[in-house]
Amino acid sequence: MNISNDSEFRAALSSLSGATRRLVAARLAANVLTLCPDPRVQGAIDSAKRTNISDAELAAAYQSAKAASVDSYTQCGHECNWSDQASHFVAEAGVACVQPEQPGTNAAWDAAMQARMARTCETIATGHGTDNTEAAAQYRILAEFLKA
Amino acid sequence: MTATLEKGISVLKEVIDAPIASYFSSCVHCGLCAEACLFYTETGDAKYTPIYKLEPLRRVYQQEYTLLGRFAKLLGLSKPVTDEELEEWKPLVYDSCTMCGRCSLVCPVGNDIVYMVRKLREGMAISGHAPDGLVGAAQRAVEIGSPMGVKLPAVKAQMKHVQADTGIEIPLDVVGAEYLVLMSSMEIINFPEYLAAIARIMKQAGKSWTLCSEAFEATNSGIQIGVSDIARVLVQRIVDGAEKLKVKTVISPECGHAYTALRWEGPNLIGRPYTFEVLHILEVLDGLRDQGLLKTTGFEETKLTFHDPCQLVRRGGVLEEPRRLLNLVANNYVETSDPGKMNWCCGGGGGVSAIEEAEPLRLQAFKIKKAQLEATGAKTLVTACANCRIVLEEGLEHYKMDIPVVGLTETIAAHLTKGD
């Protein structure tokens with residue numbers, strides 16, 4: 001399956017079951033994991049990759065990722081460090097992977113958007129402009145997942 | 001300018017105007033303001049009584065502007081305000097005052113204690129006794145244009161992200177647009193969903209809007225630190241941007257102090273009326289709802305409650321708008337105890353969340369918010385201030401309460417009818 005834009009990306013994600021979306025979300029979040037040193041986020045993403053995870057384990061992973069996300073907010077009035085902020089959005093992507101599924105939400109899409117924000121923050125931090133190639137990487141990740 | 005005690009005292013003398021003189025002379029020492037302050041109720045420490053926080057200002061008032069006080073000063077019988085004393089008062093004037101205005105509201109003689117704290121902060125800042133966190137924020141606001149150091153490339157990066165997310169073009173520097181949308185640094189950095197929500201809502205409503213490359217930031221650190229000159233510069237920047245683009249309305253974002261600064265203090269700061277209207281985003285959304293331009297579908301399924309941002313609701317009067325908007329999308333909405341204008345502050349307003357050393361006290365004061373939320377049994381907390389949002393999330397995380405916190409604008413946008 002060829003995915004070349006967000007419409008196709010979103011449509012492909014919508015066709016997946018909730019459990020499969022979680023697996024895809026984990027792969028999308030893992031693609032930006034190098035931007036986040038917090039082991040709680042790594043743990044949440046690893047949990048989301050497991051097909052046999054229990055509800056209790058998922059809930060624990062969610063609590064852990066949520067704590068990492070809250071801890072990494074840039075607080076009002078503090079000078080923004082865009083590398084740290086990239087890490088925050090990776091944590092948010094980690095939360096998306098393991099949060100309880102709500103009607104009308106799509107964990108994989110949410111993780112994709114957070115991962116793109118993380119990459120955007122990285123580009124701001126490095127001063128390399130704002131070109132963001134994460135979307136294209138995500139299309140490839142999804143296509144490979146669906147192919148496997 | 002070098003900060004000195006002499007300059008600080010001089011400023012304190014200058015800021016004592018007729019209202020402040022009448023407030024000090026009419027205080028009946030009833031203590032009601034103490035019971036209205038979350039820092040007092042949650043610690044039980046009398047030093048957090050709001051009127052007591054103003055002691056240095058009261059002493060200057062007494063020594064300079066009352067007959068007995070002037071005699072006492074002349075005879076060397078009164079104690080001058082010192083650097084050591086102002087330093088001792090710093091945690092009272094900054095760390096433990098969110099300028100939420102609950103004390104002003106309950107004062108039986110009508111003393112606006114927040115107004116007095118604002119004025120005391122002027123002298124504190126000029127004498128070099130403002131917290132480092134706020135000083136840094138104010139400097140960045142003047143030099144860079146944002147208290148959190150956000151520059152235009154970062155805004156453009158977020159615009160690109162939101163365009164990709166929503167498929168809607170984000171307009172920049174459009175002359176003649178109806179609305180100029182401002183954002184707080186917090187929304188640019190932490191909550192890109194706010195801009196995405198605005199894009200969706202404006203598209204559905206068929207309204208023209210724009211961001212401004214020279215005035216995208218709404219936050220006003222001058223108000224928080226208490227330096228009117230800085231507050232004026234920041235307001236003027238927005239006024240210049242709005243007038244250059246010839247917009248009809250400037251929309252203040254989900255940020256409490258930004259609204260206070262721009263809507264209520266701005267014209268006095270710059271010394272003239274605006275040529276445009278200033279509305280909070282919730283006022284705009286409620287207006288669109290009233291005109292039938294905000295078409296929503298479905299309801300939030302979980303029980304939710306609303307945290308009233310102090311500057312917006314108590315100080316700003318935007319009380320019914322959020323509730324009318326919530327009624328559009330929530331059929332299991334519950335009020336907290338003391339809702340609306342009597343709501344308890346999140347604990348992080350007035351610059352407190354920017355003061356690192358204030359964190360333990362802030363979390364202690366959060367216990368009152370925790371109790372309010374527990375009593376509702378709500379599963380989702382909605383608010384309309386990005387600073388409140390993070391302070392609430394931190395407090396909830398600290399006390400191990402799993403209640404998601406979301407912005408009202410994005411909640412509305414999530415329920416727009418499909419195809420819009």
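This is a predicted model: local features need pLDDT of at least 70, side-chain atom pairs count only at pLDDT 80 or more; totals for chains, interfaces and linings use all residues.

Student: What is the order of the strands in the open sheet of chain B?
Tutor: The open sheet has 4 strands in the order β2-β1-β3-β4, and their pairing is parallel.

Student: Which strands stand at the edges?
Tutor: In chain B these are β2 (209-210) and β4 (277-280). Each has a single partner strand, so one side of each lacks a neighbour in the sheet.

Student: And how many bridges are there between β1 and β3 of chain B?
Tutor: Strand β1 (residues 179-181) and strand β3 (residues 249-252) of chain B are joined in the parallel sense over 3 bridges. As an example, L180(B) has V250(B) in β3(B) as its bridge partner.

Student: Which helix packs on the sheet?
Tutor: Helix α16 (residues 256-270) of chain B does, touching β3 and β4 of chain B. The direction of this helix makes about 155° with that of β3(B).

Student: Changing topic: how many helices and strands does chain A have?
Tutor: Chain A has 7 helices and 0 strands, and along the sequence its pattern reads α-α-α-α-α-α-α.

Student: Why is chain A said to be as compact as a globular protein of that length?
Tutor: Its radius of gyration is 15 Å, close to the 15 Å that the globule rule gives for 148 residues, so chain A is as compact as a globular protein of that length. The C-alpha trace of chain A spans about 40 × 35 × 25 Å along its principal axes.

Student: What share of chain A counts as buried?
Tutor: Of its 148 residues, 51% count as buried.

Notes
Residues are numbered from 1 along each chain as its sequence is written. Chains are lettered from A and ligands numbered from 1 in the order in which they are written. Two strands pair if DSSP finds at least two bridges between them. Helices (H or I, at least four residues) and strands (E, at least two) are DSSP runs, numbered from the N terminus. Two residues are in contact if their C-beta atoms, placed from the backbone, lie within 7 Å. Axes are lines fitted to C-alpha atoms, for helices over the stretch in contact, and angles run from 0 to 180 degrees between N-to-C directions. The radius of gyration is taken over C-alpha atoms; the globule rule is 2.2 Å times the number of residues to the power 0.38. A residue is buried if 20 or more other C-beta atoms lie within 10 Å of its own, exposed if 12 or fewer, and partly exposed in between; C-beta atoms are placed from the backbone.
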